[in-house]
Amino acid sequence: MQMKLNRMSVSLRNARSQISVLQGRLEGLNLLNMENVQSMVDRRVENITGTVNRLSSTCNTQCAVQNSPQFLLAPRNCSDYNVLETRKNGVYRVTPDPRNGTFEVFCEMESYGGGWTVIQQRLDGSVSFNRTWTEYKKGFGNLRGEFWLGNDHIHLLTKAKDMTLRIELEDFEGVREYAKYDQFYVANEFLHYRLSISGYSGTAGNAISFNKHFNHDQKFFSTPDLDNDMYPSGNCGAYYSSGWWFDACMSANLNGKYYHKRYKGVRNGIFWGTWHNMSTEYYPTNYRQAFKTVKMMIRPKNYAP
Ligand SMILES: [Ca+2]
């Protein structure tokens, strides 16, 4: 009896190890194919979403009642909470894409017309932005303080709806300026979170698309440990200690190091190339501009406060 049991347990163990080998191979195959299938489905869903949006925007008052409840069930971003008459700043849960679960975001509901989902904030330098690809992917920091919301989350939010981006900047003299972009989209990880951004207006200047040689539009995301930038002889992310949609390398970088006052040397601080006194900087004799606060936030293009 004991021998039989032993024999059986040995063959069970063998079977189990064979199963796990097969499982590993299957997963490999599945992953390969699933990525293709997923991007195909994503494209289809995007097309259908576009059609549905067009149809629902042609709806008049008769169909408004049927449309509103589904938005109320699962707010996709902070602007949906504004519909619910929740108009207080704070942390809320959003579901931009039901297939990818829910996550928490900080909602700016009281200023700039409200309904803003904050994707990045700098306040005091308490959180390092010198982080890895994986950290920028997942997000880091504290939603009530300094943070990066995470590239996967930003992708889902900007994929679900046409979004505008608002950037608020403040220097240590208390000067506040802003930049707004009518269109803001971040692609998925397979496309290295490529940035699509256009339609500037504001007071801070268009540092994102500065000129032919410095343009962050359509650039991939790079981090100190993963170089997807346009600079052939080095890694901008490593050089400037941050993750960003680097060109070769930059006219803007809001994820640079937090300096509490102006500084000298490598311009690895928070940087906005069109800031008013930026042109007086001259390396290496002059000081570099430092910023006190930065906030990046997004809201649906069709939002009406
Ligand atoms: Ca490079």
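This is a predicted model: local features need pLDDT of at least 70, side-chain atom pairs count only at pLDDT 80 or more; totals for chains, interfaces and linings use all residues.
A residue counts as buried when its relative accessible area is under 20%.

The protein donors are Asp-227 (OD), Asp-227 (OD), Asp-229 (OD), Tyr-231 (O) and Gly-234 (O). Along the chain, their spacing reads D-x1-D-x1-Y-x2-G.

Next come the disulfides. The count is 2. One of them joins Cys-78 to Cys-107, with an S to S distance of 2.0 Å. The angle about its S-S bond is -75 degrees, and the link is left-handed. Cys-78 sits in helix 3 (residues 78-83) and Cys-107 in strand 2 (residues 103-108), so the bond ties together parts 29 residues apart in sequence. Both Cys-78 and Cys-107 are buried.

Cys-236 and Cys-249 also form a disulfide, and their sulfur atoms are 2.0 Å apart. The link of Cys-236 and Cys-249 is left-handed, with -85 degrees about the S-S bond. This pair, too, links distant parts of the chain. Cys-236 belongs to helix 6 (residues 236-239), while Cys-249 lies in the loop between helix 6 and strand 9 (252-253). The two are 13 residues apart. Cys-236 is buried, as is Cys-249.

Now turn to the aromatic rings. A pair of rings is described by the distance of the centres and the angle of the planes. The structure holds 18 aromatic pairs. Consider Tyr-81 and Tyr-92. Their ring centres are 4.6 Å apart and their planes meet at 45 degrees, so the pair is tilted. Tyr-81 is in helix 3 and Tyr-92 in strand 1 (residues 90-94), 11 residues apart. Tyr-81 counts as buried because its relative accessibility is 14%. Tyr-92 has 13%, so Tyr-92 counts as buried too.

Phe-129 and Phe-140 make an edge-to-face pair. Their centres are 5.0 Å apart, with 80 degrees between the planes. Phe-129 lies in the loop between strand 3 (116-122) and helix 4 (133-138). Phe-140 is in strand 4 (residues 140-141). The partners are 11 residues apart, and the pair links distant parts of the chain. Phe-129 and Phe-140 are both buried.

Ring pairs also build a cluster. Its members are Phe-129, Trp-133, Tyr-136, Phe-140, Trp-148, Phe-184, Tyr-193, Phe-221, Trp-244 and Trp-245.

Some rings carry a charge over the face. Arg-166 lies over the face of Tyr-178, 4.1 Å from the ring centre. Likewise, the charged end of Arg-262 sits over the ring of Tyr-287, at 3.8 Å from its centre.

Finally, the core. The largest nonpolar core has 59 residues. Phe-184 and Trp-272 have the most contacts inside it. Strand 11 (residues 291-300) gives the most to this core, with 5 residues. Phe-184 is a name to remember. This residue is one of those with the most contacts in the core, and Phe-184 is also a member of the ring cluster.

Technical notes:
Residues are numbered from 1 along each chain as its sequence is written. Side-chain values use heavy atoms; hydrogens and water are left out. A nonpolar core is a set of buried Ala, Val, Leu, Ile, Met, Phe, Trp, Tyr and Cys residues joined through side-chain atoms within 4.5 Å. Buried means under 20% relative accessible area, exposed over 50%, partly exposed in between (1.4 Å probe, protein chains only). Helices (H or I, at least four residues) and strands (E, at least two) are DSSP runs, numbered from the N terminus. Donors are N, O and S atoms within 2.8 Å of the metal (3.2 Å for Na, K and Ca); water is not among the atoms, so sites may look incomplete. A disulfide is a pair of cysteine sulfur atoms within 2.5 Å. Rings of Phe, Tyr and Trp (its six-membered ring) pair if their centres lie within 6.5 Å; planes under 30 degrees apart count as stacked, over 60 as edge-to-face and the rest as tilted. A charge sits over a ring if NZ of Lys or CZ of Arg is within 6 Å of the ring centre and within 35 degrees of the ring normal.
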